[in-house]
Amino acid sequence: MAKTITQEFVKGLWDEIPPFRLVLGLCPTLAVTKSVENGLGMGVAVIFVLVCSNVLVSLLRKIIPSQVRIACFIVIIATFVIVVELLMQAFTYALFLKLGIFIPLIVVNCIVLGRAEAFAYKNGIVASIADGFGIGTGFTISLVALGAIREVFGSGTFLGISVFGSSFQPFTFMIEAPGAFVCLGLMLAMMNLAGNK
Amino acid sequence: MREIIKMIVVLTVLSCFSGGLLAAIRGGTKDKIENQQLEFVKGPAIRNILEGCSNDPIVDRFKIKDGDIERSFFVGVFDGNANTVAFESFGKGFGGDIGLMIGVTIDDDKIINLGVTTHSETPGVGSRAKSDPKLSNRFKGLDLVKSFKVKPDGGEIDAISGATVTSRGVCSGVTEAGIVYKRLKSQVAEKLKEFK
């Protein structure tokens, strides 16, 4: 059980990378990854919420009675989500408009609650920060990768810049909901292939 | 019993802490958020109307209390003279309220331009009130302090063909704006002096 801080961080990048390994938090993963920018914005918001809530849960783990721990976690997580929402409105309003309802929905993102319950409630503050950063970064990488694939094939652009030239006929299936499932499934399959070798 | 008290205390303290934190952040970001919303929702219309002004109309704005509501006025400075304001008004359209932004020169009460901000008109028909400047151009240079009607109603404004109801809504919105403007003109003029 005695893992180093680095190990706690790195595990989020491959061994327990959400949404591929934990297969949690699929709702925002499928919905917002229409473009790289959206994926990155969502990922950064989740990192912030995850690290802050992990810190607070870890700090308060001796005080919070186990019968009401879920309620406490939700209060903590919801607070930070609204903080993110307000900050996004104040500084990146265009991105806020694009992500819309999925920012407040971070509250019910199973990754955040899952890490509070499974990790921060049982571990020290430094390990919890590392865990939050690791899982959060892993989530961001997944979203950006998924967003990149869907944006490149679905609209022929990367970060809004055209990559194929004007003759490219966008494969619009990719930016619609079914495309998200197919893309996620294929990536998961490839990761399993790579992991089994 | 002790357990229950502990649960209640922990939850209460946690909720109070979260409430306090949110209130503080909300207070800190309120002005910024208002600016951002203006910039992205009404900004394009305001900038279009006050085209060529030397200041930033989103920053140079003031509010006047009009009965129960507060109206925002956006100031346009032309040739070093803060003589133009843009403000919002609503008219009843085909699919609901049509939001209008109207720019007026305070010296001669003439409309310099107007634009549709929000609407729920039929796409491709009534929505042309926003996308096609033809209708708003017909108001340019007219006196704001009078009543506007479309031609079928005996007025002077050519309606968009096929979208008479929408055009009528825009006319009533501009008429409404004229009434508000007349009522608040002295206060607006007073406030504009601060920008000179």
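## Model and confidence

Residues are numbered from 1 along each chain as its sequence is written, while chains are lettered from A and ligands numbered from 1 in the order in which they are written. Because the model is predicted, local features need pLDDT of at least 70 and side-chain atom pairs count only at pLDDT 80 or more, but totals for chains, interfaces and linings use all residues.

For the complex, the predictor gives an ipTM of 0.72 and a pTM of 0.71. The average pLDDT of chain B is 83. In that chain, 99% of the residues score at least 70. Here pLDDT is the predictor's confidence in each residue, from 0 to 100.

## Chain A

Chain A has eight helices and two strands. Their order along the sequence is α-α-α-α-α-α-α-β-β-α. Both kinds of element are DSSP runs numbered from the N terminus: helices are H or I with at least four residues, strands are E with at least two.

The C-alpha trace spans about 60 × 45 × 25 Å along its principal axes. Of the 197 residues, 40% are buried. Buried means that 20 or more other C-beta atoms lie within 10 Å of the residue's own; exposed means 12 or fewer, and partly exposed is in between, with C-beta atoms placed from the backbone. Take the contacts in chain A between residues at least 6 apart in sequence: 76% join residues at least 24 apart. A contact needs two C-beta atoms, placed from the backbone, within 7 Å.

## Chain B

Chain B has four helices and five strands. From the N terminus, the order is α-β-β-β-β-β-α-α-α. The radius of gyration of chain B is 22 Å, well over the 16 Å from the globule rule for 196 residues, so chain B is more spread out than a compact globule.

Along the principal axes, the C-alpha atoms of chain B fill a box of roughly 80 × 40 × 30 Å. Buried residues are 33% of the 196. Among contacts in chain B between residues at least 6 apart in sequence, 52% link residues at least 24 apart.

## The contact between the chains

The contact draws 18 residues from chain A and 17 residues from chain B. On the chain A side, α4 (69–91) and α5 (93–99) each supply at least two residues. The most comes from α4(A), with 10 residues. By class, the chain A side has 15 nonpolar, three polar and no charged residues. Nonpolar covers Ala, Val, Leu, Ile, Met, Phe, Trp, Tyr, Cys and Pro; charged covers Asp, Glu, Lys and Arg; the others, Gly among them, are polar.

Two packed helices are described by the angle between their axes and the distance between the axes. The axes of α4(A) and α1(B), residues 2–49, come within 8 Å and cross at roughly 10°. That makes the two helices, α4(A) and α1(B), roughly parallel. The axes are lines fitted to C-alpha atoms, for helices over the stretch in contact, and angles run from 0 to 180 degrees between N-to-C directions. Under 35 degrees counts as roughly parallel, over 145 as roughly antiparallel, 65 to 115 as roughly perpendicular and the rest as oblique. The residues of this helix contact comprise 15 nonpolar, six polar and two charged.

## Selected residues

G147(A) sits in helix α7 (residues 125–155) of chain A. It is buried, with 28 C-beta neighbours inside 10 Å. Its contacts, not counting residues up to four places away in sequence, are T33(A), S35(A), V36(A), N38(A) and G39(A). With 16 C-beta neighbours inside 10 Å, D109(B) is partly exposed. K110(B) is in strand β5 of chain B. Leaving aside neighbours within four places in sequence, K110(B) has contacts that include G141(B), L142(B) and D143(B).

How values were computed:
Rg over C-alpha atoms; globule rule 2.2 N^0.38 Å.
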